[in-house]
Amino acid sequence: MLELGRLQQIDPRDVWQHEAHDFTPWLLENADVLADALGIDIELSAAEHPVGGFNLDLVGRDLTNNCVLIVENQLTATDHGHLGQLVTYAAGTDARTVVWVAPTFREEHRQALDFLNNLGGEDTRFFGVEISVVRIGSSAPAPLIKLRAQPNDWHAQVTAATKSTAQQAGKAPLYREFWTRFLDRVKVEFPGWTNATKPQIANWFSMACPFKGGSYYSASFAAGGKLRTELYIDFGDEELNRSLFEQLATHRTMLEEVYGGSLSWEDLPGKRACRVADYGDGDVTNGDLHDEYIDWFFDTGRRLRAAVDSVAPSIRLG
């Protein structure tokens, strides 16, 4: 008979002896583990981020929802002190995606996160993440993550639809249908593009890019019946935006050669962001053409990634 190994639990503190010196840096370097569990694309950009007179464990961005993301982590069971810190840090950073990581969640703290999710609607998301460590025999320890609290998707969808304008609300089901099909195909054809598992009801879908902290790839339905694939640059700092845009522009010839065509270079003066993009024709209301639109997004997205990858090593930020 086949002999099977036995899964053994390991005390997380045997792997990470110190929360700030070991556990937080590990999370910073392994954001993909957290992203897989949350079902969204995330970037973690800094540890011990100052908020008033305190230090937040981790700060970054939720690329799927295009907002600030924060993480408060601990190596002991959840407690009231960390719950208070979580809310304080969320307010101090204007975070819209808030993650609390601990080995054990007390029931009252799980209920508190559910309560915050109900209050926040689709604008704010609170996640409770239980992390444990396991091994089989003498294998290397492996993290095991379980979601104990997460947003109420039904509540978020209803709230988003009812607060939109009449036109946007009318298109919300179409966007959901399109991005659902988009995600289904991405997971098969380009599984490395995104960790997202939930479709958007907006006209855009963002994904990670090599320039962390304020830029991402996006597929979107732009104004005027247009499809748009882009590298969107928004660090929240005009100088940083301009620096990345201008460095990319110095490599324009190579970028467009690798891409296989001309790109639209939009520095958008007076606005908060810049973009490098390509456009096609399409409107989400044309349901019979959704697969053709996805083909276009996949072709242009693949080529734009290859072009950016060809010059990314020469780009310097900060």
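This dialogue goes through some features of a predicted model.

Biologist: How many helices and strands does the chain have?

Modeller: The chain has 10 helices and 12 strands. Buried residues make up 46% of its 318 residues.

Biologist: What do the contacts in the chain say about sequence separation?

Modeller: Take the contacts between residues at least 6 apart in sequence: 60% of them join residues at least 24 apart.

Biologist: Is strand S4 largely enclosed or open?

Modeller: Burial here means under 20% relative accessible area. Six of the seven residues of S4, residues 67-73, are buried, so the strand is largely enclosed by the rest of the structure.

Biologist: Which strands pair with S4, and in which sense?

Modeller: Strand S3, residues 54-62, pairs with S4 in the antiparallel sense over five bridges. Within this pairing, glycine 60 has leucine 69 of S4 as its bridge partner. Strand S5, residues 97-102, pairs with S4 in the parallel sense, over five bridges. There, glutamate 72 stands opposite tryptophan 100 in S5.

Biologist: What lies between S3 and S4?

Modeller: The two strands form a hairpin with four residues between them. In the turn, asparagine 66 has a positive phi of about 55°.

Biologist: And how many charged side chains are there?

Modeller: The chain has 29 positive and 45 negative side chains, and the centres of the two sets lie 2 Å apart.

Key. Residues numbered from 1 in each chain as written. Predicted model: local features only at pLDDT ≥ 70, side-chain atom pairs only at ≥ 80, totals over all residues. Heavy atoms only, no water. Buried < 20%, exposed > 50% of the residue type's maximum accessible area, 1.4 Å probe, protein only. Contact = heavy atoms within 4.5 Å. Lys, Arg positive; Asp, Glu negative; His and termini not counted. Charge placed at Lys NZ, Arg CZ, Asp CG, Glu CD. Pairing = 2+ DSSP bridges.
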